[in-house]
Amino acid sequence: MLKKVKGIPVILALCGLLLLTFSACQTKTEDKNTLNNQTQIEYRPVQVKVYKVTGQKIAEKLTYTAVLEAWKRQVITPDISGKIARIYVNEGDRVKAGQLLAELDTRAIRLQLEQAEAALAAAKANLEDARKNMERMERLFQEKAVSEQQYEKARLGLEAAQAQKDQAEAAVNLAKHNLDVSLMKAPFDGVIASKNAEEGDVINPMMAGMSASSGVLSLANYSRIKVKFDVAPEDIQKISRGQKIYLEGYDLPGQRFEGEISVVNAAADLQTKKFRVEALINNPDLQLKPGMFGQVIIEVESKENVLVVPLKALLENSYVMVVEGDKAVRKNVTTGLKNKDLIEITSGLNENDLVIVEGNFGLPDGNPVEIQNEVAK
């Protein structure tokens, strides 16, 4: 009985050893299965979208964001002070050059004009009388019938009458001018951009505090649109006056408007180190509005019939992934012109190659792929 009891610990030790061995084998089997599963996931085919490489035109473009402005804008205000009697237009009205837009109360000016015209008529009569008197004095003076003093007095009377007539004419012209400038007319075709005053308001253009936006009305012509943008020093040599440009309004997707560069500053801004450029855009249907934002597009260089791929196909600016058979193959490339969508491939690809444009990031060389569809760009 004593020997059997002593053998129990030995048996228990053997059982424990067997359990440890079985557990270790099971762990190795699980690790092996896990590794196999990871290998299968790594080489599982990836769904991709491709682009077929073809020869086409590509243009290098410079793009800038700009605020749209009317190419002509003027505040309508009289040259003289007075009370606004009538405003004939409202905001948004289209007007023609020479059209009456508003007028001051002209009753006092018209009375002044009548007074000045009456004074002019009297001055003309006095001048005519002085001229006839001078003619008589000249005859009498030649006949020695009047003294030199009398002759001189007649001559001075004629000069005084002439001066009075000139003064009366100036008063008439001033009254007519005041009457004319109190009638506010459109200096050019355009649209009433804002109404800044009301009938009955008193306006004084010489009053302190009058700003560029003050006045009775604001008139804008945006049959052409002005845009201003700043160009970096490395790009300014590509831009010149008269160069064709395009504008795409952010509020008018899919529409493009043509224009040309009108101003290229010769000196850079001291703070930004950039050059200010202005352009005029044709806007015959007035679709573009002042205050809108738009993208200015300048084509500075173009090439015909070259191989291009979408920008999203290029990885690390040095290679693309191409589908060959059912695998992704890395192709090192060199590039040329580019714009916001496409980039020229000068070497490394052939026409009709299928370049991966979606699903290419992080895709290993040689990984199986399945083409989902072919995209235009």
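Predicted model: local features only at pLDDT ≥ 70, side-chain atom pairs only at ≥ 80, totals over all residues.
Let me start at one side chain, that of Asn332, which is joined to the side chain of Arg330 by a polar contact of 3.4 Å, where a polar contact is a pair of N or O atoms within 3.5 Å, and within protein one of them must be able to donate a hydrogen and the other to accept it, while residues adjacent in sequence count only if both atoms are side-chain atoms. Residues are numbered from 1 along each chain as its sequence is written, and side-chain values use heavy atoms, with hydrogens and water left out.

Asn332 belongs to strand β15, residues 327-332; helices (H or I, at least four residues) and strands (E, at least two) are DSSP runs, numbered from the N terminus. With a relative accessible area of 54%, Asn332 is exposed, and for that term the cut-offs are under 20% relative accessible area for buried, over 50% for exposed and in between for partly exposed, with a 1.4 Å probe and protein chains only. Which residues does Asn332 contact, leaving aside its neighbours within four places in sequence? They are Ser318, Tyr319, Ser347 and Gly348, contact meaning heavy atoms within 4.5 Å. Tyr319 is 13 residues from Asn332 along the chain, and the C-alpha atoms of the two are separated by 4.2 Å.

Stepping back to the whole chain, we find 4 helices and 19 strands, and of its 377 residues 34% are buried. Among the contacts with a separation of 6 or more, 78% are between residues 24 or more positions apart. The accessible surface of the chain comes to about 23300 Å², and 51% of that belongs to carbon and sulfur atoms; these areas come from the Shrake-Rupley method with a 1.4 Å probe, and for residues only the protein chains shown count as cover.

Now to one of the sheets, an open one of 4 strands, in the order β6-β5-β3-β8 and with antiparallel pairing; two strands pair if DSSP finds at least two bridges between them. Its edge strands are β6 (183-185) and β8 (202-203), each of which pairs on one side only. Strand β3, residues 82-87, pairs with strand β5, residues 100-104, in the antiparallel sense over 3 bridges, and here Arg86 stands opposite Glu103, while Ile84 has Leu104 as its bridge partner. On to the next pairing, β5 and β6 are also joined in the antiparallel sense over 3 bridges, with Met184 in β6 as the bridge partner of Ala102. Why is β5 described as largely enclosed by the rest of the structure? The reason is that 4 of its 5 residues are buried.

Strand β2, residues 54-76, has two pairings that I would like to show. With strand β13, residues 293-310, β2 pairs in the antiparallel sense over 13 bridges, and Ile58 stands opposite Lys303 there. With strand β9, residues 217-231, β2 pairs in the antiparallel sense over 8 bridges, and Arg73 has Ala220 as its bridge partner.

Let me turn to the aromatic rings, since a search of the whole structure finds 2 aromatic pairs; rings of Phe, Tyr and Trp (its six-membered ring) pair if their centres lie within 6.5 Å, and planes under 30 degrees apart count as stacked, over 60 as edge-to-face and the rest as tilted. Tyr64 and Phe229 form a stacked pair, 5.0 Å centre to centre with 20° between the planes. Because Tyr64 lies in strand β2 and Phe229 in strand β9, this pair ties together parts that are 165 residues apart in sequence. Tyr64 counts as buried at 14% relative accessibility, and Phe229 likewise counts as buried, at 3%. The rings of Phe141 and Tyr151 have their centres 4.6 Å apart and their planes at 25°, so this pair is stacked. It links distant parts of the chain, with Phe141 in helix α2 and Tyr151 in helix α3, 10 residues apart. Phe141, at 32% relative accessibility, counts as partly exposed.

That brings me to helix α3 itself, residues 148-181, whose 34 residues reach 50 Å from the first C-alpha to the last, close to the 50 Å expected at 1.5 Å a residue; the expected span is 1.5 Å times one less than the number of residues. Its buried residues include Tyr151, Ala154, Lys165 and Val181, and what covers the buried residues of α3 includes α2 (107-142) and β6.
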